[in-house]
Every structure is written in structure tokens, then in C-alpha cells.
Amino acid sequence: ASANQPYRTGFHFQLPKNWINDPNGVMVYKGVYHLFYQYNPNGAVVEGIKIWGHSTSNDLVNWTPHEPAIYPSEPYDTNGCWSGSATILLDDKPAILYTGVDSQNRQVQNLAFPKNLSDPYLVEWIKSDKNPVMQPTIKNRINASSFRDPTTAWLGPDVQWRVIVGSKVDRRGLAILYKSKDFVNWFRSETPLHSANDTGMWECPDFFPVLVVGQNGVDTSLNGPFFKHVLKVSLDETGHDLYTIGSYDNIKDIYTPDKISVEGDLGSRYDYGKYYASKSFFDCVKNQRILTAWINESSSVADDVKKGWSGVHAIPRKFWLAENGKQLVQWPISELQKLRANHISLANKLLEGGSVIKVSVVTAAQADVEVSFEIKDLDNAEVLEPSWTNPRFLCSQKGASVKSSLGPFGLLVLASDDLKENTAVFFRIFKGNNSYVVLMCSDQSSSSLNQDNDKTTYGAFLDVDIRQQKLSLRSLMDHSIVESFGGGGKACITSRVYPTLAINEAAHLYAFNNGTQSLNIAALNAWTMNTANIN
Ligand code: DQQ
């Protein structure tokens, strides 16, 4: 960030200019991490023909740019090279499946292989002469404008590859399943892997196993008693990434969610703020599953054009199944901590009702903070009305300035010294039926004096038992983005904000308690984040 470009990020993946959206084909090859991405080389707007930009990294933090890897060149992709995924085949050879928008504007799936396998940077890709390898036909009745975003493939017990492609029939979202023995000739299965009513188009599906016990990740082809499966879809109607946890029968090729399927706006979300078109991959170097995603702007198109760029990617997150098996838990990759500098800390500090304390971290515009709160007396918590089931609505009704007894308390980030501008990331505690209910909110309503931004408030319920444990929050602040992790990563909220006063050295960090009851900051650790080398 600089005086004329105060919203550029210091450690989030971004490009020098123009439009970026979905992460594509993420993988590790010969120890090098590869990230491809949807890119519009002609401007900072969504309109335009998309190509696959390409960067590589040794640590998922610093990134080196390469020439675009896949761009329109053939009738089967002349109107765009859209999202897709990488699969490492059995002979260790990577393959990419991507959506091409063909000369008739039909969506088809295409295959590409590296030109030179001894080049760890895989800078050149060759498209298969069998392309398109999957396409809509009169017989298969696939909707040619809703057929895109092939996943990483996995191997079944019959040694055939499987891949799903997002689609819809009317408003029923579908994960169409294809199988192949050789990765080149693909056959559509009669039944989709999964589908759900009234969800609209399933963009960027992702399907993978997670271990029932522990935090390690596993290869996409594993299945059996030690695993559950996760299906994620990106709903274009709401702009949200939703997932279910369930079981995958790899004989019948059917996925069955444990409880409910994706249900409109209120299913489990990776992130309750801005976070879309995510894609995971198995990092066999560190035995972890990593989640990447696109975070779009909340500014006006005119402002995006003026600043010359649009879109960033989230910090890659390691993620795993929670101990109770009911949700995923996400945490920024540990390599990010290499950027931490100027450590400051507080311990056992009283945060009185109605108080604000300054946390004097150097460069609060680009910082990482972890805080845990201790609440001794829960008796006076506000009673949760049975109708208060929508956390986002609750957070917008009860923003950072609405007092109760236990909350709001948390952090004011990217704040000006007069607090006229601030983004409030905070908790509220309610008394539920038999337990306490924790609400986590990110309130953007005072984030900027500029009124042209989307300042919607975000919220999530956080599944932690505060009688047993402290309430923790980690926020990554990076000029125009705030990524927050509640309860050790059980609820995540990412927001985009565009302060006009609280920029660069004029941005500050505070802890606040706007509730009437005092509580304790058990520990607070904050760091300036050094700038990563990104593109
Ligand atoms: N973005 C791509 C599509 C995908 C959408 C086009 C999701 O392949 O469905 O840029 O953001």
C-alpha cells in the first residue's frame, strides 16, 4: 500500500493490475506450490475473456509470477478459459481439467498437460487434441450454459478416475459425475454424485476426504472407515461457499450428507463474510489439506477501475474435521507467521464495561492479532429469543454500538484515532435453552466515510462451550481486508473495507467492551506483518 494505493495488500495474494477471480488448479509439484487463477488481462472488471494466470511459491506466502498458462487458442475455448482443477496422475504427472467457453458459447471441459515434466515451474501447457473431453449433447441433455468447473479427480476401487462438474437443471443444483480409465475418454454417470433442490447453479464444486481424527489432510482418492467426505459448492445466487460433511459410497458413486443438504443461505459456510469459488488441494509435502479462495471487492466498479485492480485471494488455510465431526476448522497456514515482527503482548488485563483500550502495534494496517477473553460470570447474559436464528441478521440488528451485558466485545481494527472509522469484530454471549450461545460479528457499517462501498454486516454462531474454555479471536488485517477466525477457526469472517482516514500509518487497533459487564483479556499477542513478495 502507498499514499495513492492505500487498499493494496501487503501479504494477501494479488496482482499488479486488472481483475482476478477464482483460484484454479492449485497443487504441489516437485515441492513447488502452483496457483493458477482466473484473470482478465484487459481491465479491472469482470467483463472480458478469462485466461489462467499462473504463480508459484515455495511457502504459499511469497509468490513468483509466470506467463499465463492457459488462454483461448482453439474453437473449444475461444470465448474463455474458465475454472478447473489439477490432478496428479499415478505416474506423478499433473493434468489440468478446465472449462472452455467454445465458439458457440457452450461450456465444455478440456484437458491440458505440462509440456516439460522436468520443469518444476510447469510454465508451458499443451492442450489435448481430444478436447473437448466432456461436452453437452442432445442425448445427455446437459445445460450448455451451466456446465463448468471440473474438480480434482479421484480414483475409485475399480481404478477408474472420477471427476464432478457443476451444473443445474431448473433450480436444482447438480454435481455431474464422469468416469475415465485413461483420463482422456470420459463417460458420464447416469446419476449425479449429489444434487439438491432450489439451490441454483453449483459453481466450483470441491469433493475430498477428511480424516475423522486429527488435523492432517489426505489424498483426494482415499476412502474408508477413517474418513468422512466433504462436498462444497459455490452458489452463484448468493455468492456463498457452502459445504456438507457426509459419506461417499464409491461403489454406487453416491455422496450422502450426514444431516441436511445445502440449504439456501443458512448451511455451513467456510466463511461468513466474503469468500467465494474456493478450491482445496492435498499438500503432500506437509500432509495437510489447504483451502484457497477468491475475495472480491466491496467497492464500486468505478472505484475498482480508478484503482486499476479488483480482487484478492484469501490467506491459504489449513483445515480439518472438528473433533465432534460436525464442522470443519480452518486456520491460516503456519508459514504466514514468518512475516510476524514487532511482537507486543498483554496478559490478564481487565476490560471494563464501556471501555476501549489501544493496542499499540506498529503498523496496525498490516498486522496479525490473537486475543482470548475470559468471562467469569455468565449469569446475566441476554436471553436468546427462539426466533433469533439468523446470525447475520442478529449482528446487523445488534451492531457494535448496541449494548447488552455480555457484549459486544472484541477488536476495533483499521480504526482512525477518533474512531470515526473502524471495523468492529466482536462477540456477544446469549443465554440459550440449556447452554450459552456465542455470536461472532463483523460490523463494517463504520469502516469508511466513503458511502459507495458495500458495508453489509456479517455474522455467525460459534460452537464453543464458554463455560469450559476461553473465547479466542484472531484477525489478520491487511489494508483493505480483514480475515477473522473465532474459536480457533470454528467460524471465519472475511470482510473488505476501504477506510479514508485509517490508512497506512494512521490505522490503529483497539480492544473494546461495549457491554455493561467487565471481562478479562486473558492474553493478547499482536504483530506487525512484513510485506510478502507477491508477484
Ligand atoms: N468463475 C469462473 C467460472 C466459475 C465462476 C469464470 C465462479 O468457471 O463458475 O471466471 O466465480
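Tutor: Let's sort the shell around the ligand by class: 5 of its residues are charged, 5 are polar and 3 are nonpolar. Keep in mind that this is a predicted model. There are 13 residues around the ligand, and the ones that come nearest are Gln38, Trp82, Ser83, Glu203 and Ala277. Three strands each supply at least two residues of the shell: β1 (18-29), β5 (81-88) and β15 (202-211).

Next, zoom out to the whole chain. The chain is split into domain 1, covering 20-332, and domain 2, covering 335-529. Between the C-alpha centres of domain 1 and domain 2 there are 32 Å. Where the two touch, domain 1 puts in 24 residues and domain 2 puts in 27 residues. On the domain 1 side of that contact, strand β25 (residues 328-332) gives the most, with 4 residues. That side of domain 1 has 13 nonpolar, 6 polar and 5 charged residues.

So what lies inside? The largest nonpolar core has 151 residues, and Val438, Leu439 and Leu509 have the most contacts inside it. This core lies between domain 1 (20-332) and domain 2 (335-529), because both give residues to it. Leaving aside residues up to four places away in sequence, Val438 touches Phe427, Ile429, Phe461, Leu462, Val464, Ile466 and Leu471.

Finally, check how the chain is packed overall. Of the 535 residues in the chain, 52% are buried. If you take the contacts with a separation of 6 or more, 64% of them join residues 24 or more positions apart. The C-alpha trace spans about 70 × 50 × 40 Å along its principal axes.

Note on methods. Residues are numbered from 1 along each chain as its sequence is written. This is a predicted model: local features need pLDDT of at least 70, side-chain atom pairs count only at pLDDT 80 or more; totals for chains, interfaces and linings use all residues. A residue is near a molecule or strand if its C-beta atom, placed from the backbone, lies within 6 Å of it. Ala, Val, Leu, Ile, Met, Phe, Trp, Tyr, Cys and Pro count as nonpolar, Asp, Glu, Lys and Arg as charged, and the others, Gly among them, as polar. Domain bounds come from an automatic or database domain assignment. Two residues are in contact if their C-beta atoms, placed from the backbone, lie within 7 Å. A residue is buried if 20 or more other C-beta atoms lie within 10 Å of its own, exposed if 12 or fewer, and partly exposed in between; C-beta atoms are placed from the backbone. A nonpolar core is a set of buried Ala, Val, Leu, Ile, Met, Phe, Trp, Tyr and Cys residues joined through C-beta atoms within 7 Å.
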